[in-house]
Number of protein chains: 2
Amino acid sequence: MTSSIKDVAKHAQVSISTVSHVVNGTRFVGAQATERVQMAIKELSYVPSSVARSLKSQNTHTLGMLVPNCSNPYFSEIMRSIEERCFELGYNLILCNTYDRPERQTKYLQILMEKRVDGLILITASKPDQWRLPAKLKMPVVLVDREVNNHYCDLVETAHEHGTKLATQHLLDLGHRHIACMAGPKGLSPSDQRIKGWQAALQQASLHSSVLVHGDFTSQGGYETMLELLAAWQNHQQAKPSAVVICNDLMAIGALCAVHEQGLQVPRDLSIVGFDDIELSRFTNPPLTTVRQPKQAMGIHAVEMLVERIKGKRSATQTLLLTPELCVRGSTAKLMAD
Amino acid sequence: MTSSIKDVAKHAQVSISTVSHVVNGTRFVGAQATERVQMAIKELSYVPSSVARSLKSQNTHTLGMLVPNCSNPYFSEIMRSIEERCFELGYNLILCNTYDRPERQTKYLQILMEKRVDGLILITASKPDQWRLPAKLKMPVVLVDREVNNHYCDLVETAHEHGTKLATQHLLDLGHRHIACMAGPKGLSPSDQRIKGWQAALQQASLHSSVLVHGDFTSQGGYETMLELLAAWQNHQQAKPSAVVICNDLMAIGALCAVHEQGLQVPRDLSIVGFDDIELSRFTNPPLTTVRQPKQAMGIHAVEMLVERIKGKRSATQTLLLTPELCVRGSTAKLMAD
DNA sequence: GAAAAAAACGTTTGCGCAAACGTTTTTTTC
DNA sequence: GAAAAAAACGTTTGCGCAAACGTTTTTTTC
């Protein structure tokens, strides 16, 4: 079926050694021999086997990438830049969706170890207690976006707390005093840190913390959670805030939808700030004011840190904290006097 | 470093053959021997090498997946269902973004052949003339969403033409008579077919084709193209249509943004229908009426057809044409009398 | 109780390659 | 012109495994 180095050698009337050296340029080979080998390669459509090469060289130039869900734009945008940098550095990526399910993650880790991937990029949003990396996992690992309990590995993340601080401060500057927060699932570290940032900004302005609710980081969740909030406000069960800090863009987009569905307007009746700055945030109605995570930089650095480890150029673990920035668009406005 | 079957054999005082048979359950092994092998595996943290196994068995249980851009929600949603089915069937996926660049695709095809992937899933949107599959590519291939010139391979796609026909008919039913179309890049087969559907529906209603413009299937492109359209209409260079069929959701979302930015309202001043039904379409403002592509079914069938070929269960090429359906939401409304 | 059959393992090969190690031929050195 | 060096290749090994092929011991059969 597929021809091997042996077939090429026979066809070119040289040794397999010579074929190997022509293919890899690892030793001088005379002009005629080179010529004959190249001809044979072409005629037999020879493609060297990475499988055999990997067995010999003990590396695969392949990385495992675990993400909760590749159709979440936040993750897919990070994935994109990871893939891009991998391509440039000569690595391939095996895509693994975990859906935050520990058994699925465990299964994938096993498979990736069997495949002898050179390293792992972990973007996983499950609760810390649910998932500890097996200690025996003797393989370079870079965590992206969130810590893991027993982390003996590198980490790249955004300064979540600083991000929501920026968002909240922006709303304060616009005159808002009642600023609610829609966070992610309880116990999830990025979510917890974002809550802290919101609280810190309020405290700094000598304001009480306002309403805090938890969503699930999906659009549908943001939509439903916002509907509940609006209902509570309309029934006067709670004082109505004039602004909401929403801890990711997907929920913010769902929330926007809910607000409009109830006949209210953003930002006239309610200012909304998101978090992540996914590509579509620029095109919502109104365009979403949000905290931009440097997703491209995250991906690039994650790959570079991982490759450093793979090549043994660094032994100490390293944490890279990237700075988010506020993108002011149309979903926030000055507080209207009632 | 990592232990091999040899180490396990020595530790358990059996032959490598026995270890292999215990690991794979391919031959009866006595209770004590089994016990000793399992102990040794645990103590040495032995993980069998898929690399060596692949070299021996001549398969990798790995598929290549080429997509134009994994951060495009339409593709990422298909990818998700592909990954899901692969996981169930015991295959891994290597993620390859091509960005519609032929040289990048060529490079990836070479790498995937070297990696000896068992098959290929191709979701690629580049122009047919730019990219022909190398004839020597002796490997099962399934095309998703679009044809390729020399296609000796399987194909899964949506009935594009039928889709835009549904969309256009819906607008006609609402009383619209001037219905424009914003298509994708010229020469791209799904785009061309969608244009045909729009034309066919108009013709069936004995109407002239209205304005046709070409975007690039991105949000930004949809935004800009819509701004140009609006400018042309406001300068009375063109009669203003009351509705637009937009050939994917990303452009539709960009277009929505442009319309609102110009102070107009959807659907009051302009009805808009999208195509794809990406997840966020439900949450736009107004929620987007769109043609749903059965993305999950596409992914599942693509994987299953590919695995059939890999296992040699089918030799004839096969084309699967899936039926889209219209999702009526808030971006379309009855034509208002002026 | 000897021959045949069954049970339970072990030895060896080959998958395709990279590269250490070796060999032959030609050229250089003095 | 003989010894040494250089040029240009070839032979062989081992990476880790699956499985064909083989061997030894025990049990069954008549």
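**View 1. Where chain A and chain B meet.** The contact draws 43 residues from chain B and 43 residues from chain A, counting two residues as in contact if their C-beta atoms, placed from the backbone, lie within 7 Å. On the side of chain B that touches chain A, two or more residues come from each of α4, α5 (73–89), β2 (92–97), α6 (102–114), α9 (219–234) and α10 (249–261) of chain B. Here helices (H or I, at least four residues) and strands (E, at least two) are DSSP runs, numbered from the N terminus. The largest share, six residues, belongs to α5(B).

This is a predicted model, in which local features need pLDDT of at least 70, side-chain atom pairs count only at pLDDT 80 or more, and totals for chains, interfaces and linings use all residues. Residues are numbered from 1 along each chain as its sequence is written, while chains are lettered from A and ligands numbered from 1 in the order in which they are written.

**View 2. Around DNA strand C.** At least two residues each come from α2 (16–24) and α4 (50–57) of chain A, and from α2 (16–24), α3 (31–44) and α4 (50–57) of chain B.

**View 3. Domains of chain A.** Chain A is divided into domain 1 (5–48), domain 2 (59–154 + 296–311) and domain 3 (160–294), with bounds from an automatic or database domain assignment. Between domain 2 and domain 3 of chain A, the C-alpha centres lie 29 Å apart.
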